[in-house]
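Please look at the sequence and the structure below.

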Amino acid sequence: MEKLQLSYGVGQEEIAKEMLSALCESGYPSEMAGDPIDPSRIVILILSKGVSLEGLFARNKWLKDQFDYCSYPYLRMMPLVAYHSKTEDFDSLWEKDIEDVYENLVSGEFKPYGWDLDDPNSKIEFARILEEYEE
């Protein structure tokens with residue numbers, strides 16, 4: 001399995017570290033994405049509380065370029081909503097922080113995956129979804 005590249009926005013560092021740890025502990029080799037990314041590998045785009053287009057673009061020039069010019073025609077980007085069900089309501093989080101960013105940035109072909117960092121079962125369905133991106 002190739003290493004996953006994790007991308008996140010300004011102010012999202014802590015949740016990105018949690019996701020990196022959760023993925024690695026679940027058997028998915030992962031690393032924080034560089035800039036530029038390796039377009040031949042899967043990019044996990046972390047969307048979480050407080051995410052913004054400006055914050056994502058500020059930290060990820062490749063994402064801004066992709067948004068403006070579609071520079072990677074075969075990009076495999078998997079949006080991932082990282083959250084804690086013990087302290088956050090998914091529906092409220094989606095409506096308040098994530099929905100606008102997702103709808104403005106991600107095309108409909110890239111479906112978001114919700115990873116509850118408080119639920120060890122989140123990794124089970126992730127494997128099935130990731131397979132679709134690996135093809």
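**Briefing: a strand residue and its surroundings**

The backbone oxygen of Asp-38 lies 2.9 Å from a polar atom of the side chain of Gln-5. A polar contact here is a pair of N or O atoms within 3.5 Å; within protein, one must be able to donate a hydrogen and the other to accept it, and residues adjacent in sequence count only if both atoms are side-chain atoms. This is a predicted model, in which local features need pLDDT of at least 70 and side-chain atom pairs count only at pLDDT 80 or more, while totals for chains, interfaces and linings use all residues. Residues are numbered from 1 along each chain as its sequence is written, and side-chain values use heavy atoms, with hydrogens and water left out.

**Gln-5 and strand β1**

- Gln-5 is part of strand β1, which covers residues 4–7. Helices (H or I, at least four residues) and strands (E, at least two) are DSSP runs, numbered from the N terminus.
- With a relative accessible area of 3%, Gln-5 is buried. Buried means under 20% relative accessible area, exposed means over 50%, and partly exposed lies in between (1.4 Å probe, protein chains only).
- Both faces of β1 are covered: Leu-4 and Leu-6 on one side, and Gln-5 and Ser-7 on the other, are all buried.
- Leaving aside neighbours within four places in sequence, Gln-5 is in contact with Glu-31, Ala-33, Ile-37, Asp-38, Arg-41, Ile-42, Val-43 and Ile-44. Contact means heavy atoms within 4.5 Å.

**Strand pairing**

- β1 pairs with β2 in the parallel sense over 3 bridges. Two strands pair if DSSP finds at least two bridges between them.
- A right-handed β-α-β unit is made by β1, helix α1 (residues 13–25) and β2. A crossover is right-handed if, with the strands pointing away from the viewer, the path from the first strand over the helix to the second runs clockwise.

**Salt bridges**

- The count of salt bridges comes to 8. A salt bridge is a side-chain nitrogen of Lys or Arg within 4 Å of a carboxyl oxygen of Asp or Glu.
- One of them joins Glu-2 and Arg-76, with the closest N and O atoms 2.9 Å apart. This pair links distant parts of the chain, 74 residues apart: Glu-2 is in the segment before β1, and Arg-76 is in the loop between α3 (61–69) and β4 (77–83).
- Glu-2 is partly exposed at 29% relative accessibility, while Arg-76 is buried at 16%.
- Lys-3 and Glu-31 meet in a salt bridge through their side chains (3.7 Å, N to O). Lys-3 is in the segment before β1 and Glu-31 in strand β2 (residues 30–32), 28 residues apart.
- Lys-3 counts as partly exposed at 40% relative accessibility, and Glu-31 counts as partly exposed at 29%.
- Arg-41 forms a salt bridge with Glu-31, and the closest N and O atoms are 2.8 Å apart. Arg-41 lies in the loop between β2 and β3 (43–47) and Glu-31 in strand β2, so the pair ties together parts that are 10 residues apart in sequence.
- Lys-3, Glu-31 and Arg-41 are linked in a network of salt bridges.

**Arg-41**

- Is Arg-41 buried or exposed? Arg-41 counts as buried, at 16% relative accessibility.
- Not counting residues up to four places away in sequence, Arg-41 touches Glu-2, Lys-3, Leu-4, Gln-5, Glu-31 and Arg-76.
- The C-alpha atoms of Arg-41 and Leu-53 are separated by 22 Å, and the two residues are 12 residues apart along the chain.

**The whole chain**

- The secondary structure comes to 5 helices and 5 strands, in the pattern β-α-β-β-α-α-β-α-β-α along the sequence.
- The radius of gyration is 14 Å, close to the 14 Å that the globule rule gives for 135 residues, so the protein is as compact as a globular protein of that length. The radius is taken over C-alpha atoms, and the globule rule is 2.2 Å times the number of residues to the power 0.38.
- Of the 135 residues, 47% count as buried.
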